[in-house]
Amino acid sequence: LLHFTRTYAPVFFGRELEVGDVLDRMRQPENQFLLISGASDSGKSSLVDAGVLPKIEKGALSSDRTYTCLRMVPSQGSHPFDALVRPLHAYAERAGLSAFDLAEHLLKEPQTLSEWLEKIVSKGL
């Protein structure tokens, strides 16, 4: 079975409590990273793609900011930074960065991730 994507957000229901819990946790200042885990086929991807991300894009975290949500799939890349940069590719290119070079650089110097993300956000979004 395929998971629900943002296309199905208008008809995604029954997980409002879990979506609300994720958003509440994300609003906490100490939660810069939130891991969604569970058994295979338990609905993690649907929860995130059809439940959480559309709400974030519509201002559920903050009405003062706009958010662009991208989905990173760890298995879609030759290494984790390659997988991370894939959904950022168009934004990186707009910021004048080579996505391939960026992924290779991050593999060698992962501590520079925040710096590179700031460049992409400021110039590529």
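Reply: What follows is a set of questions and answers about this model, which is predicted.

Me: Why is Leu-47 called buried?

Reply: Leu-47 has a relative accessibility of 6%, and because the word buried is kept for values under 20%, Leu-47 counts as buried. This residue lies in helix α2, which runs over residues 44-57, and, leaving aside residues up to four places away in sequence, Leu-47 touches Phe-12, Arg-15, Glu-18, Val-19, Val-22, Ile-36 and Val-52. Phe-12 is 35 residues apart from Leu-47 along the chain, and their C-alpha atoms are separated by 8.8 Å.

Me: What makes Phe-4 and Tyr-8 an aromatic pair, and how is the pair described?

Reply: The centres of the two rings are 5.9 Å apart, and a pair needs centres within 6.5 Å, so Phe-4 and Tyr-8 form an aromatic pair. The planes of these rings make an angle of 80°, and since an angle over 60 degrees counts as edge-to-face, that is the description given to this pair. The structure holds two aromatic pairs, and ring pairs link Phe-4, Tyr-8 and Phe-12 into a cluster.

Me: How do you know that the charged end of Lys-119 sits over the ring of Trp-116?

Reply: The charged end of Lys-119 is 4.2 Å from the centre of the Trp-116 ring, which is within the limit of 6 Å; a charge must also lie within 35 degrees of the ring normal, and Lys-119 is listed as sitting over the ring.

Me: Which residues of α5 are buried, and why are they said to be on the same side?

Reply: The buried residues in α5 are Ala-99, Leu-102, Ala-103 and Leu-106. They cover an arc of only 100° around the axis, and therefore lie on the same side of α5. The face turned away from this buried side carries the exposed residues Phe-100 and Lys-108, while the cover over the buried residues includes α3, α4 and α6.

Me: Which element gives the largest share of the largest nonpolar core?

Reply: The largest nonpolar core has 13 residues, and Val-85, Leu-102 and Trp-116 are among those with the most contacts inside it. Its largest share, four residues, comes from α5.

Terms used
Residues numbered from 1 in each chain as written. Predicted model: local features only at pLDDT ≥ 70, side-chain atom pairs only at ≥ 80, totals over all residues. Heavy atoms only, no water. Core = buried A, V, L, I, M, F, W, Y, C linked by side-chain atoms within 4.5 Å. Buried < 20%, exposed > 50% of the residue type's maximum accessible area, 1.4 Å probe, protein only. Helix = DSSP H or I, 4+ residues; strand = E, 2+ residues; numbered from the N terminus. Contact = heavy atoms within 4.5 Å. Phe/Tyr/Trp six-rings, centres within 6.5 Å; stacked < 30°, edge-to-face > 60°. Arc of directions from axis to C-beta.
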